Amino acid sequence: MNMKKAPPKWRSFYRGLVGIRTPNLLIRSQVLYPVELLNHFIKQGCKYMGISGLSKNEIREDFWCYFCFLKMRKLVLAKKVIGLLLACMTSMSVYAQKFHVQGRIADAKWGRPIAGALVLCEKYKVFEFADESGNFNLLLPFDSIKLTVSAAGFVTTTEAIWLPKNLTFDINLKPSLLNKTQLPIATFVSVGFGKKYPHTIGYTIKEVEKLPVLFQPDYLKYMQTEPGVQKGVDGGSMPLVRGGNNDQNLYLMDGVPLYNPYHSIVYFSVFNKNVVQKMTLHKGGFQSKYGGRLSSVLEVTTQQGNIKQISGSGSLALGTADINIDGPLGKKVTFMVAARRSYIDLLLKPFMNDTGNGGTIRYVLSDLNANVAINADAKNRIVISAYSGKDAFYVGEGEYQPGPSATLKLKSRRDDIGWKNRVVQVNWEHKMSPQTTANFRAYYTGYDFVQSRTVSVGPATTKQKDSVNKLSLFSGIKDFAALADFESTKNSKEKIYFGVSVVAHAINPGRRNNKITALGQVKMDTSRGFVDDFICPEIAVYADWHKKINDHQKLVIGVRPTLFISEGKQFFYADPHLFFEYITPKKISTTFTVDVMHQPLQLISLNDQGMPYEAWVPATQTFKPQQCIQVAASAAKDVWKKYTASGSVFYKDFQNLAMLAPGAYTAQVFTDWSDRLAKGIGRAYGLEFQLRKNEGITTGYLSYTLLWSERKYTDANLQQGFGLWEDVSAWFPTRFGRRHDLSIVMQNKITRKGMLCFIYTISSGEYTNVPNAAYRMPMSSTILNNWTGQTVYSQSNRNNYRLPLYHRMDMSWVVDRKSQIWKGTTMGISLYNMFSSFNATGVNVSTNPNGQKNINYSRLWPIIPSIYYTFRF
Amino acid sequence: MKKYILPLLLSIVFISCQRGRKVKDLPAKPGYLVINSVINNREPMYVFVTTSSSPGDTTYLFDTTVAVSVYENGAFKATLPFDKSSGGYFYNVIPTGGTHYKIGVRKPGSKTDDSWTKTTLPKPVLLTNVSFVDSAIFQNGEWISEIKFRMTDGPDQDKYRLLFYGYQSGNYIPFVVTPIDHVLTNNSTERDLTAMVFSDNLLAGNSHEFIVRFPSGNIIKSGPPRFIIEMTNISKEYDEYVSSLGSYQRQARNPFSNPVSIYTNVYNGLGIFAGYTIKYDTIP
């Protein structure tokens, strides 16, 4: 008898009894009914139980047979007893088994993988986040299961499955367009048992452009409104996390570090909004997979091509334009290419004069992202990705008009300053077994900074240039790396992540190169400083053990031992991590984390605001790898139905800091860079709070950070000598360590297609340096300097003056429209600092010609209107 | 017309950034004693004393009311008189290398020194085996001359300054040389037109032979070649002071830089008290 042809009434009966609809995800032949039903029927009465004489495999194949009434009548009692025992044994063995539910989550419209999508089983409190390729893997018991799949920007889907064995299937999520019940900027990515981890902030990105912008959308700026993340210089993109410095953030683009993720000094990030799919900032509770930075890990996942058709989008913002195209290349291969470029130079080109009397100013920023994804089969996937971004600024002085004199004359002069990032990565994802997946990667990442001056000289009477002299200052860092990451699911309560990484850092802290090309003579090329790169190998292994103790407690323990070699000296250190979560009976999710991080590379910066006069340098025998121990506790709870409240307290202890010495200057960094540093320690502590409204026509959040962030010189050589004597060894605040920082982000869906958004920020002013005293230099001229009789300023310690209160209101009005030409368009109008608040960024001390003293505040940004237009095709 | 458009655009964007707002509560602490004295082994000592003022003030008067005392190797030597012509307190003694000096400054009415500073003048270096070879080699179409000498690094030394003078037309004039040995080529941190400043990192307290070369044609020979080698032994305090002063000068021209403090070794005050010792050797 073909049991699959059982009367439909029994199916209906059965479904009604269980109360679960027939799963739409599974192939019918795979459907089995859960063991609870078997037990239920056993308890209800053996008279309904029958043995069909089916084999164990047949029972597994289709449990319908047990409830086939006609069949049961034909059975003898002995068979019933044997069958009953067999059924019980089978069900018990099946019940004890765990099955892997794995698959890929993709955009239903385009077929692109959705990284970071959440797959949650409420019943067993098991969840998983899709990786960069949209893959997930859950281990669940034999049961009827409801899986909730959600991702910001997509409609949440709940799917019911019955789990007979390991399952593999895909889930497609429909995009949501300004759904009034969904917060456009989404929200915490990490969810613990349905609650939030306040130490992690996530954006899944597409709707972020609805928020007010300064010239163009920038996700790093929006992150500065989150608790624990503070802004650097006004209008800049740099996020400063829990009192850390800029170089203590690990910026990862698809897992590859970027050493300077900024354009236009620090005013834009390199992350093109059309490319980024997900961005997650970890402030604590770090995975052992990541190391090398003290304060935070920012993971940026770029979008991959869709498998269905060629599509793309473009946008025009104030100052930049970008376009991206993606689509399939055959049945298994997708591609994505995106480019962004500033266009101010093109607009100003007619007004520049390269050849006559007059100057030329040119500035260009550009980004190029590309990736190709090859879905070889269900177990193998290869992604090749690349990124190139650069900033180039030059000021040129054209040739002088020919004159009567035959003497040599300056013909042209050009000053260049620029920096660039380059990334290439090959990533092979391989499912070794249902329990284990592997990810093998090899990448190159490089950052270069170049400043140069080129001068040409020739006879004044002709256009001829007799000699060209180019003086260049260079610094940079390159990484060549090979990594292997593994994820192993032991059972539904235990998971292990482990891996190894080998990185060769090639660092050039500073090199000066002088090239002289003289007409008819030998070219001269002299280099000074680090002519060769400084090679520093770094080898690390890591393991994270995730243990779900029970429905209320979860424990993660990890460690990352690392060997870093610099100047022939070996530094061995381990970064242990502890994460513990406890859900209280009142459903408050509480966490406790301890993280120890080491940082063997650091940035020597001319200041703390991220100017490109910077050089990466390794740990040395004098300056050991920097260390930070962070202890944090947090709590989060859903309140008043539509709100989520969360808070954290933290303490960070910094050791082995290498800070710029008080008398040092770093516009040029050469072999003596270590002489410009001084040892120090630091501490940062405070609390964070956020109240977030996730649903309704008006959504948004309120964030508050209370922070103390301080540093101190401990170098014995500096106990005297710089500044006023008594203050050199005192604690001083970090420049952007704002004591109070409050942000309110609000989004209102005013019309069906239009949205009005506000950001209001009020915070303590940043610190700056103000001289305490003025005095004159020695009057007599001596060797080594002739700067006699000049007035100089002295100050007691660094960052000794807090600027006035900072507050700013931004507004945006964004409208989505359909177009006859494009599939969709978005028009946004923004006002940055709409009340033109005077937010001071510095203090200027000057004396006018009449001898009167002027001491004024200065600021960067008044009200700045911006407009942008995005089209999709 | 075109050339006005760019400044106009920039002005529109940044016009309000120039708008200042008066600062009311600067943490100024005027009134520190400022002691400045740079000594060497060829001139008598002058000590200049002023008082610091608030930032932006431009009036600095020499303080003539304080009492300035000099100590040598811990022993009181003199209270210095004020010299109106120089504006400083004058000590009519030429400092000697290896001597420890201390200056104390006492305001009127004080029983002890309000500010003090100290330094040790470096001992002069000893140059030996000084030699000159005229037209020693022929290179790139011209004859090259060579000067060699040997020097022993002192135990507490850090920086040296080397300068060569050539005799021309009745005067000794500084001239440029090309260093050959690795100490000068790899360890020279600063160089002005003629002088080389190098650290003793590669000397490590040892004796070393220096070799420099220069085109023979650079020296106008009105008789036998005559040279002076000037080797200056710079104290650590003076080196710190000069390098921080250089940094201060550079940052003053850079609006993006954090401020740089100038090195001071004056307790409860500002300024510098340091020195250097000059040693000359002649050829022949």
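Student: Where does K174(A) lie?
Tutor: This is a predicted model, to start with. K174(A) is in the loop that links β7 (167–173) and β8 (191–192) of chain A.
Student: And is K174(A) buried or exposed?
Tutor: K174(A) is exposed, at a relative accessible area of 58%.
Student: Which residues is K174(A) in contact with, leaving aside its neighbours within four places in sequence?
Tutor: Those are A108(A), F154(A) and V155(A). Take F154(A): it sits 20 residues from K174(A) in sequence, and their C-alphas are 5.5 Å apart in space.
Student: OK, zooming out. What does the secondary structure of chain A come to?
Tutor: Chain A has 7 helices and 50 strands. Of its 873 residues, 58% count as buried.
Student: What about contacts in chain A between residues 24 or more positions apart?
Tutor: Counting contacts with a separation of 6 or more, such pairs account for 66% in chain A.
Student: Back to the surface. Which residues form a nonpolar patch there?
Tutor: The patch is made of L318(A), I750(A), W813(A), M827(A), I829(A) and I867(A), and together they have about 490 Å² of accessible area.
Student: Where does I867(A) lie?
Tutor: I867(A) is in strand β50 (residues 864–872) of chain A. I867(A) is partly exposed, because its relative accessible area is 43% and that class runs between 20% and 50%.
Student: New topic: backbone angles. What is phi of D254(A) near?
Tutor: Phi of D254(A) is near 55°, a positive value in a residue that isn't glycine. You'll find D254(A) in the loop between β13 (249–253) and β14 (256–258) of chain A.
Student: Why does D254(A) count as buried?
Tutor: Because its relative accessibility is 18%, and buried means under 20%.
Student: And what's phi of S836(A) near?
Tutor: Near 50°, so that's a positive value in a non-glycine residue too. S836(A) is in the loop between β47 (824–832) and β48 (840–847) of chain A. S836(A) is partly exposed, with a relative accessible area of 23%.
Student: Let's move to chain B. How many residues has helix α3 (residues 236–252) of chain B?
Tutor: Helix α3 of chain B has 17 residues. From first C-alpha to last it reaches 24 Å, close to the 24 Å expected at 1.5 Å a residue.
Student: Which residues in α3(B) are buried?
Tutor: Quite a list, including Y238(B), Y241(B), V242(B), L245(B), Y248(B) and Q249(B).
Student: What do the buried residues of α3(B) pack against?
Tutor: Strands from both chains: β44 (791–794) of chain A, along with β2 (33–40), β12 (159–168), β18 (227–234) and β20 (269–283) of chain B.
Student: Last one, sheets. What order has the open sheet of 4 strands in chain B?
Tutor: The order is β10-β11-β17-β14, with antiparallel pairing. β10 (127–139) and β14 (178–179) of chain B are at the edges with a single partner strand each, so one side of each has no neighbour in the sheet.
Student: How many bridges join β14(B) to β17 (residues 207–215) of chain B?
Tutor: There are 2 bridges, and the strands run antiparallel. P179(B) stands opposite V212(B) in β17(B).

Terms used: Residues numbered from 1 in each chain as written. Chains lettered and ligands numbered in written order. Predicted model: local features only at pLDDT ≥ 70, side-chain atom pairs only at ≥ 80, totals over all residues. Heavy atoms only, no water. Patch = residues over 30% accessible without salt bridge, like charges linked within 9 Å, V, L, I, M, F, W, Y side chains within 5 Å. Areas by Shrake-Rupley, 256 points an atom, 1.4 Å probe, with all protein chains shown as cover. Salt bridge = Lys/Arg side-chain N within 4 Å of Asp/Glu carboxyl O. Buried < 20%, exposed > 50% of the residue type's maximum accessible area, 1.4 Å probe, protein only. Contact = heavy atoms within 4.5 Å. Expected span 1.5 Å × (residues − 1). Pairing = 2+ DSSP bridges.
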